[in-house]
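Hi there,

Here is the structure I promised to pass on. My notes on it follow below.

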Amino acid sequence: MQIQVLNEINALPDRIHLALDTCVFFDAYKNPKKFQGFFELVKSKRITLTTTALVYFEFSRGFDTIRDFKKAEEGFSSIVDYVYPLRDLDEWAEKVKRVYRKDGKNVDITDMFMCALLLKYKNDMLVMSKNHKHFLTELYDIQAFIPLLGKNEVQTYCFYRYSEAKYVKRLKQLEKTI
């Protein structure tokens with residue numbers, strides 16, 4: 001797997017928060033050297049790397065051996081600056097659920113809480129994910145993307161940001177369906 005850091009990443013504003021979805025941790029665990037340069041670039045821009053307690057749980061479960069678990073836990077801790085507890089996001093996750101309505105039926109709870117981070121912290125937060133089905137582009141703007149070139153595939157990480165205009169538009173559309 002090759003990670004290509006594009007100029008868009010360099011153009012991200014300094015001193016924001018970047019919340020990492022579970023897929024980032026799995027990819028970084030499998031390819032630590034490939035992700036090291038990316039994490040160094042992000043931290044050089046004074047971007048705080050964050051996530052939620054659910055992401056930590058989702059990532060850390062299911063390792064075969066204690067050694068693998070400890071390796072994963074050490075990798076996680078070396079990347080993340082702060083883990084948001086769920087109690088800080090409950091109210092915001094409820095708002096996300098309301099605005100997603102039927103579109104949220106297939107969105108896993110972890111990503112609902114990642115969306116809650118975007119809603120709560122608005123312009124100070126981005127979410128990095130390659131799970132594009134759960135981050136509706138009619139609610140969030142894509143600020144940047146990174147292609148991941150695998151042996152037989154191309155995957156893309158997107159950097160999602162809350163959009164007040166899109167959120168308000170969505171709420172108005174939902175009011176018409178009541």
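**Aromatic contacts and overall fold**

F59 is buried, with a relative accessible area of 3%, while F26 is partly exposed at 29%. Here buried means under 20% relative accessible area, exposed over 50% and partly exposed in between, with a 1.4 Å probe and protein chains only.

Before going on: this is a predicted model, in which local features need pLDDT of at least 70, side-chain atom pairs count only at pLDDT 80 or more, and totals for chains, interfaces and linings use all residues. Residues are numbered from 1 along each chain as its sequence is written, and side-chain values use heavy atoms, leaving out hydrogens and water.

The count of aromatic pairs comes to 17. Rings of Phe, Tyr and Trp (its six-membered ring) pair if their centres lie within 6.5 Å; planes under 30 degrees apart are stacked, over 60 edge-to-face and the rest tilted. F26 and F59 make an edge-to-face pair, 5.1 Å centre to centre with 65° between the planes. F26 sits in helix 2 (residues 22–30) and F59 in helix 4 (residues 53–60), so their pairing ties together parts 33 residues apart in sequence. Both belong to one aromatic cluster, formed by F25, F26, Y29, Y56, F59, F63 and F76.

As for the whole chain, it has eight helices and seven strands (DSSP runs numbered from the N terminus: H or I of at least four residues, E of at least two). Buried residues make up 45% of its 178 residues. Of the contacts (heavy atoms within 4.5 Å) with a separation of 6 or more, 76% join residues 24 or more positions apart.

Best wishes
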